[in-house]
Amino acid sequence: MVQFNKRPTVADIRAMKARGEKISMLYVTTLEEAAAADAAGIHMLSIESRFFSAEMRAAAGKCFVQVGLPFGPYGGLATAEDYLRTAFKYMAMGGDCFYCAASLDIQKVLCENHVPIVAHVGLIPSYITWTGWRAVGKTAAEARAVWDHVKQLEAIGCFGAELEVVPDRLGEMISKNTPMIMLGMGAGPGADAQYLFAEDVLGHTDGHKPRHAKTYRNFAAEYARLQQERIAAFREFIADVNTGSYPAPQHNVPMADAEFTAFKADLGL
């Protein structure tokens, strides 16, 4: 596993691809997850702009951080200038590259202004109403459409693209035939990076998990145990209040007898 002595750059990530080195990537939402990823040696993090801050950048340490630009939240029709202004804001906070699912013309403006852009191909959640939740690229026609999309992104200068839920052989072929960094999420072992959500890796929930997700810990059970402990502690607190066990003398602020006597005398009591 590559260990960087400093925070990696776009050039470093590209060099990893050129050397055929695997890249690990996680989507994180908390300071604790970012810090754990840094301590473990994760190469790249994906952090939505709503979670990104100076504190989050510090917690991420040497991880290369992709900041997700908001999709259409600017009030009215979002312009390239809106996206560019937002990208520069988060670049100043330490973002290393920027996820953008806007139109090609907006992505092109960002690239022309030297902003490292990661686009999205295959299953694109923000366009899900057009495709439904399913693998994309299983037919020759769909595979060609994914390929053409990648080549369009390549032509406008994108740094990379999230390659989501496509057949493994398609993911490998695309990754080998583009200079972009292909961040695979359910795209097979041939993608340049393997990208998972921290909540899936840690087993945050007992609900549905994507086919490509792999769970390494059972945090859901721990969260359930902690919830029962919370309830038990609150019940014990109620019982102590009802019996007078709380507050005990050590929880109270003492007052000298003489001072209390003087206080009462002042009140004429």
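A crossover is called right-handed if, with the strands pointing away from the viewer, the path from the first strand over the helix to the second runs clockwise. Keep that in mind for the first close-up of this predicted model.

**Close-up 1. Strand β2, helix α3 and strand β3 form a right-handed β-α-β unit.** Follow the chain from β2 (residues 44-48) through α3 (residues 54-60) to β3 (residues 64-68). The strands β2 and β3 run parallel and are joined by 5 bridges. To find your bearings, look for Met 44, whose bridge partner in β3 is Phe 64.

**Close-up 2. Strand β3 also pairs with strand β4.** Here β3 meets β4 (residues 97-99) in the parallel sense, over 3 bridges. A handy landmark is Gln 66, which has Cys 97 as its bridge partner in β4.

**Close-up 3. Strand β3 is covered on both faces.** In a regular strand, side chains alternate between the two faces of the sheet. On one side of β3 you will find Phe 64, Gln 66 and Gly 68, and on the other Val 65 and Val 67, all of them buried. Why is β3 described as largely enclosed by the rest of the structure? Because 5 of its 5 residues are buried.

**Close-up 4. Helices α7 and α8 pack together.** Two packed helices are described by the angle between their axes and the distance between the axes. For α7 (residues 140-156) and α8 (residues 168-176), the angle is about 25 degrees and the axes lie 11 Å apart. Angles under 35 degrees count as roughly parallel, so α7 and α8 are roughly parallel to each other. Their crossing is right-handed. Where they meet, Ala 143, Val 146, Trp 147 and Val 150 of α7 contact Leu 170, Met 173 and Ile 174 of α8.

Conventions:
Residues numbered from 1 in each chain as written. Predicted model: local features only at pLDDT ≥ 70, side-chain atom pairs only at ≥ 80, totals over all residues. Heavy atoms only, no water. Buried < 20%, exposed > 50% of the residue type's maximum accessible area, 1.4 Å probe, protein only. Helix = DSSP H or I, 4+ residues; strand = E, 2+ residues; numbered from the N terminus. Pairing = 2+ DSSP bridges. Axes fitted to C-alpha atoms, helices over the stretch in contact; angles between N-to-C directions. Parallel < 35°, antiparallel > 145°, perpendicular 65-115°, else oblique. Left-handed = near helix turned anticlockwise from the far one by under 90°. Contact = heavy atoms within 4.5 Å.
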